[in-house]
Amino acid sequence: MLNNQTQRYFDEQDNRPPPGVRRMVVRRTETHRFGPYRIVLATSCGAEKRRIAGSVRIQLFDSRADAPDEPVAVKRLQVDNWREAQDEMRKLEHALKGG
């Protein structure tokens, strides 16, 4: 289903929060479509002048899957700002291209 580069991207360290930690407060969400895929980026980072570091959750949905509303892969990580979160989404798009 996923090409090798995309699988490697999601196999990298996933910083899933330990049980009992409060849920991430989503301050910003961005969605991109890439062929049959939909990438959803949700972050607690602030984008205003006072750049707030925070968490990022990247979900990959595949419209060809049996349950297209369920993510086929999820990755969580810590970033220093919104720009870094967007860079992670671009890395995933690059992996989906296979190049």
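**Salt bridges and nonpolar core of the predicted model**

R64 is exposed, its relative accessible area being 54%, where exposed denotes over 50%, buried under 20% and partly exposed the range in between (1.4 Å probe, protein chains only). The structure is a predicted model, in which local features need pLDDT of at least 70 and side-chain atom pairs count only at pLDDT 80 or more, while totals for chains, interfaces and linings use all residues. Residues are numbered from 1 along each chain as its sequence is written, and side-chain values use heavy atoms, with hydrogens and water left out.

The partner of R64 is D62, and the two side chains meet in a salt bridge with an N to O distance of 3.1 Å. A salt bridge is here a side-chain nitrogen of Lys or Arg within 4 Å of a carboxyl oxygen of Asp or Glu. In contrast to the exposed R64, D62 counts as buried, at 1% relative accessibility. Side chains of opposite charge can pair when their charged atoms come close.

By this rule, the count of salt bridges is 3. Another of them joins D87 to R90, whose closest N and O atoms are 2.7 Å apart. Because D87 and R90 are 3 residues apart in helix 2, about one helical turn separates them. Helices (H or I, at least four residues) and strands (E, at least two) are DSSP runs, numbered from the N terminus. D87 is partly exposed at 35% relative accessible area, and R90 is likewise partly exposed at 42%.

Helix 2 also holds K91 and E88, 3 residues or about one turn of the helix apart, and their side chains form a salt bridge (3.1 Å, N to O). K91 is partly exposed, with a relative accessible area of 45%, whereas E88 is buried at 12%.

The largest nonpolar core comprises 19 residues. Such a core is a set of buried Ala, Val, Leu, Ile, Met, Phe, Trp, Tyr and Cys residues joined through side-chain atoms within 4.5 Å. Two or more residues are contributed by each of helix 1 (4–11), strand 2 (37–43), strand 3 (54–62), strand 4 (73–79) and helix 2 (82–97). Helix 2 gives the most, with 6 residues. The residues with the most contacts inside the core are I39, L41, V56, I58, L60 and L92.

Leaving aside neighbours within four places in sequence, I58 is in contact (heavy atoms within 4.5 Å) with residues including Y9, F10, I39, L41, V74, M89 and L92. E88 is also among the contacts of I58. In soluble globular proteins, nonpolar side chains tend to be buried together.
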